[in-house]
Amino acid sequence: MDARPTSILHRTPWTPPIAIATDGVYIDLEDGRRVIDGIGGAAVACVGGNHPKVVKALKDQIDRMSYVYNMQLSSQPAEELAKLLVDTSDGAFEQVAFLSGGSEAMEAVIKTSRQYYVEVGQPKRTNYIARQLSFHGNTLSTLSLAYHPGRRAPYAAILDYQNFHHVSPAYAKRFQKPDETEERYVERLRQELEDKFIELGPETVIGFVAETVVGATTGVVSAPKGYFNAMKSVCDKYGALFMLDEVMCGMGRMGTMHAWQSLGDGAAPDLQAVAKGLGGGRVYAAIGAVLISPKVAKGIRGSSGLLKHGHTYQANPLACAASLAVQKVIIEENLVVQCRENGIHMIALLKDRLQSPNALAAPYTFDVRGAGAFFGVEFDFSNLEARRVDMKDQQFAMVVQARCLENGLVVIGMVGGSSLDGSKGDNLMLGPAYNATTEEIEKIVDIFVKSIEEVLTENFA
Ligand SMILES: Cc1ncc(COP(=O)(O)O)c(C=O)c1O
C-alpha cells in the first residue's frame with residue numbers, strides 16, 4: 001500500500017490515499033483516481049454529493065453566525081431542527097438533545113437514562129444490559145456498554161464490568177438453533193433478558209440497549225420478528241427503559257425514518273441515539289442527537305428540567321444548519337421512499353450476483369441481507385465441499401475492501417463479528433446515498449462482485 005510520509009497517526013495499518021474533492025457519490029483522490037463511495041463514508045452520506053441546498057444553508061449560516069455556546073445561547077437552526085425531529089416522530093419523541101457524533105450521542109443516552117432515574121427518585125438503578133457483538137461507540141463507557149471482543153481487547157483491563165452487562169445477540173442466521181422456530185428463538189432471548197434482570201435485581205436495572213439493526217460488528221443484522229416487542233415488554237415489566245442505538249441504521253437508512261418503525265416491531269424507545277444520517281450530506285455536519293420520549297421528558301421536567309450532560313460543540317449552529325438542510329432535502333425530495341425502492345433493486349442484484357447457483361462466490365456467501373441503503377454480505381469458508389480458499393493468514397473481508405478501493409469502490413470490511421469470541425467473521429457493508437441512481441447502484445454492485453471474484457480466484461488453493 002501507499003508509503004507516503006505522514007505526520008498523522010492513522011487508524012489504518014496502511015496510509016490511506018488523500019481525497020481532495022467529492023461530487024455526488026464520487027470521490028476524487030490526489031493521485032488522480034475517481035472512486036465511487038459504496039458506503040457513504042461510514043453510512044453517513046445520505047443525500048448525495050454537495051447538494052446545492054445543503055451547501056447554501058451552510059454558507060449562509062457561516063456568514064451569519066458560526067458558533068454560540070449552548071450553556072449560554074441557543075440558535076435558530078438548532079431550535080428548528082429539534083422541532084422538525086419531534087414533529088416528524090408521530091409522538092414518539094418530545095425533546096431532543098444535540099451532540100457532536102455517535103459515541104457522544106450514546107454516552108448521552110447512558111447519562112440521560114441515569115439522570116432520569118436519579119430525578120424520579122430511583123437512584124438504586126445503576127445497571128445497563130446490552131448485547132454481545134454490538135457496537136455503541138469508541139469511548140470507554142460506550143465500549144463497556146457494547147461488546148465486540150476485538151475492539152475491546154486493548155482496553156479490557158480498564159472497562160467497566162460493574163455497571164455494564166450483556167445478553168446474546170439477536171442473530172438468527174448464526175445463533176438460532178436448527179430445531180427452533182423464530183417464535184421460540186425470540187422467547188429464548190426474552191427469557192435470557194428477564195433472567196439477567198432478575199440476576200442483577202430488577203430494581204437496579206436502568207434499561208436494555210440495542211442497535212435496531214446491528215451495523216459495524218456483525219454487518220447489517222436485523223432481529224427476528226417480535227424480538228423488540230419482547231425485549232421492550234421485559235423493560236416495561238420492571239419499570240426500566242428501552243433504549244435504541246440508531247446511530248448507523250437510523251434517519252432513513254433502512255427505508256423508514258427510524259429503523260424500529262420497519263425492523264423493530266414498531267416498538268418506540270424511551271431514548272434513542274441518532275447521528276450519521278442526521279447530518280449526512282457530503283457537506284458534512286459532525287452531529288448526533290438523543291431523541292427523548294414523552295415519558296423521560298416528563299420525568300426530567302418534573303425535577304431539574306434540564307440536561308445535566310454536555311459538551312462545548314453540541315448544538316452548534318453550523319452543524320445544526322447543515323443537518324436541518326439535509327433533513328429538509330430528505331423530506332422535500334421524498335428520499336426515504338426512494339431509498340426503500342432503491343434497496344429492493346440492490347438486494348436483488350447482490351443476491352443474484354453472489355448467491356445464484358452459477359455465481360463464483362455462491363459457495364462462500366453465507367448471507368446477503370439488508371434493506372433501503374444498508375446491506376451486509378457475510379462470507380464463510382467452512383463449506384468443506386467447496387473448492388478450498390487459502391487466504392494465507394490474511395482476512396478475506398479486509399483483502400476485498402482493499403481490492404474494491406483499487407478497483408474504484410469504497411466499502412467497509414469487518415472481521416470478528418460472526419462468533420461470540422470474535423474469532424470468526426468476514427463481513428462487508430454497503431450503503432449508497434438514498435438518492436443514488438440505478439446506474440450508480442449497478443456500478444457499485446459490479447465493482448463489488450468483480451473484486452470478490454478476483455480475490456477468490458487468486459486464492460483458490
Ligand atoms: C451503532 C453505532 N453506535 C455508535 C457509533 C459511534 O459513532 P461515532 O463514530 O460517530 O462516534 C457507531 C459508529 O459506527 C455505530 O455504528
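Trainee: In strand 5, how many of its 5 residues are buried?

Mentor: This is a predicted model, and in it strand 5 has both of its faces covered. On one side lie N127, I129 and R131, and on the other lie Y128 and A130. The number of buried residues in strand 5 is therefore, with a residue counted as buried if 20 or more other C-beta atoms lie within 10 Å of its own, given as 5 of 5.

Trainee: Which residue of strand 7 is the bridge partner of N127?

Mentor: Strand 5 pairs with strand 7 in the parallel sense, over 3 bridges. N127 belongs to strand 5, where it lies on one side together with I129 and R131. Its bridge partner in strand 7 is V205.

Trainee: Which residue of strand 6 stands opposite R131?

Mentor: Strand 5 and strand 6 run parallel and are joined by 4 bridges. Within strand 6, the residue opposite R131 is V167.

Trainee: Within what arc do the buried residues of helix 8 fall, seen down its axis?

Mentor: The buried residues in helix 8 include V186, L189, L193 and F197. In an α-helix there are 3.6 residues a turn, so residues three or four places apart point the same way. In helix 8 the buried residues line one face, because seen down the axis they fall within an arc of 85 degrees.

Trainee: Which exposed residues does helix 8 carry on the face turned away from its buried side?

Mentor: The buried side of helix 8 is covered by elements that include strand 5, strand 6, strand 7 and helix 9. On the face turned away from that side, the exposed residues are R184, Q191, D195, I198 and E199.

Trainee: How far apart are the end C-alpha atoms of helix 15?

Mentor: Helix 15 covers residues 438-459, which is 22 residues. At 1.5 Å a residue, these should span 32 Å. The prediction agrees, because the end C-alpha atoms are 32 Å apart.

Trainee: What arc do the buried residues of helix 15 cover around its axis?

Mentor: Among the buried residues of helix 15 are I441, I444, F448 and L456. Elements that cover the buried residues include strand 3, helix 13, helix 14, strand 15 and strand 17, whereas T438, E439, T457 and E458 are exposed on the face turned away.

Trainee: What radius of gyration does the protein chain have?

Mentor: The secondary structure comes to 15 helices and 17 strands, and buried residues make up 51% of the 461 residues. The C-alpha atoms fill a box of roughly 65 × 60 × 45 Å along the principal axes. A compact globule with 461 residues would have a radius of gyration near 23 Å, which agrees with the value for the chain, 22 Å.

Terms used:
Residues numbered from 1 in each chain as written. Predicted model: local features only at pLDDT ≥ 70, side-chain atom pairs only at ≥ 80, totals over all residues. Helix = DSSP H or I, 4+ residues; strand = E, 2+ residues; numbered from the N terminus. Rg over C-alpha atoms; globule rule 2.2 N^0.38 Å. Buried ≥ 20, exposed ≤ 12 C-beta atoms within 10 Å, placed from the backbone. Arc of directions from axis to C-beta. Contact = placed C-beta atoms within 7 Å. Expected span 1.5 Å × (residues − 1). Pairing = 2+ DSSP bridges.
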